[in-house]
Amino acid sequence: MEMPKIHESEYRFCLILWEREPVTTTELVKLCQEQLGWKRTTTYTVIKRLGERGVLSNENGVVSSLISKEEAQVSEIDELVEKKFQGSLPAFLAAFARRQALSEKDIEEIRRIIEK
């Protein structure tokens with residue numbers, strides 16, 4: 001099954017959901033107003049859209065994710081590598097490493113992940 005696309009504003013909503021789930025729609029409306037400046041109708045529209053795409057479930061006013069934060073992040077990275085680096089992970093890592101100041105600890109962690 002292909003991972004549903006989560007757009008930027010929806011991702012910010014999902015960050016709130018992942019932190020608090022399961023959460024009532026009433027609480028989500030309050031949190032989205034406080035943290036995102038959204039109106040009630042905007043929050044309900046996003047809940048509906050993400051529900052239709054299989055990102056979350058809304059059962060009896062209780063919202064839970066169907067996709068984890070990690071799954072969403074991996075999907076975004078996969079899409080980025082495919083679109084911008086022609087699917088080449090080494091090209092992506094080389095570009096990332098050139099633009100980031102990696103500490104020795106970061107480098108060792110990356111080595112450990114690669115060797116794994």
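Predicted model: local features only at pLDDT ≥ 70, side-chain atom pairs only at ≥ 80, totals over all residues.
Local features are given at pLDDT of at least 70 and side-chain atom pairs at pLDDT 80 or more, while totals for chains, interfaces and linings use all residues. Residues are numbered from 1 along each chain as its sequence is written, and side-chain values use heavy atoms, without hydrogens or water.

The core comes first. A nonpolar core is a set of buried Ala, Val, Leu, Ile, Met, Phe, Trp, Tyr and Cys residues joined through side-chain atoms within 4.5 Å. Buried means under 20% relative accessible area, exposed over 50%, and partly exposed in between, with a 1.4 Å probe and protein chains only. The largest nonpolar core has 20 residues, and the members that touch the most others are Phe-13, Cys-14, Leu-17, Leu-28, Leu-50 and Leu-56. Two or more residues each come from helix H1 (8–20), helix H2 (25–36) and helix H3 (40–52). The most come from H1, which gives six. Helices (H or I, at least four residues) and strands (E, at least two) are DSSP runs numbered from the N terminus.

Leaving out residues up to four places away in sequence, Leu-56 touches Phe-13, Leu-17, Ile-47, Leu-50, Gly-51, Val-63, Ser-64, Ser-65 and Leu-66; contact here means heavy atoms within 4.5 Å.

The aromatic residues are next. Rings of Phe, Tyr and Trp (its six-membered ring) pair if their centres lie within 6.5 Å; planes under 30 degrees apart count as stacked, over 60 as edge-to-face and the rest as tilted. By this rule there are four aromatic pairs. Tyr-11 and Trp-18 make an edge-to-face pair, at 5.6 Å centre to centre with 70° between the planes. Tyr-11 is buried at a relative accessible area of 19%, and Trp-18 is buried at 14%. Phe-13 and Trp-38 make a stacked pair, at 6.1 Å centre to centre with 5° between the planes. This pair links distant parts of the chain, since Phe-13 lies in helix H1 and Trp-38 in the loop between H2 and H3, 25 residues apart. Phe-13 is buried, with a relative accessible area of 0%, and Trp-38 also counts as buried, at 11%. Elsewhere, Phe-85, Phe-92 and Phe-96 form one aromatic cluster.

A disulfide is a covalent bond between the sulfur atoms of two cysteines. With a cut-off of 2.5 Å between the sulfur atoms, a search of the whole structure finds zero disulfides. The cysteine sulfur closest to that of Cys-14 is in Cys-32, at 9.7 Å, which is too far for a bond. Cys-14 is buried, with a relative accessible area of 1%, and Cys-32 is buried, with 0%.

Helix H3 has 13 residues, and its first and last C-alpha atoms are 19 Å apart, close to the expected 18 Å. The expected span of a helix is 1.5 Å times one less than its number of residues. In H3, the residues Thr-43, Val-46, Ile-47 and Leu-50 are buried. They lie on the same side of H3 because they cover an arc of only 100° around the axis, the arc being that of the directions from the helix axis to the C-beta atoms. An α-helix has 3.6 residues a turn, so residues three or four places apart point the same way. Lys-48 and Glu-52 are exposed on the other side of H3. The cover over the buried residues of H3 includes H1, H2, strand S2 (56–59) and strand S3 (62–65). Just after H3, Gly-54 has a positive phi of about 80°.

Helix H4 (residues 69–85) has 17 residues and should span 24 Å; its end C-alpha atoms are 23 Å apart, which agrees. Ala-72, Ser-75 and Val-81 are buried in H4, and what covers the buried residues of H4 includes H1 and helix H5 (89–99). Gln-86 follows H4 and has a positive phi, near 50°.

Two exposed residues complete the tour. Glu-19 is in helix H1 and is exposed, with a relative accessible area of 62%. Leu-66 is in the loop between S3 and H4 and is exposed, with 52%. Not counting residues up to four places away in sequence, Leu-66 touches Gly-54, Val-55, Leu-56, Ser-57 and Glu-71.
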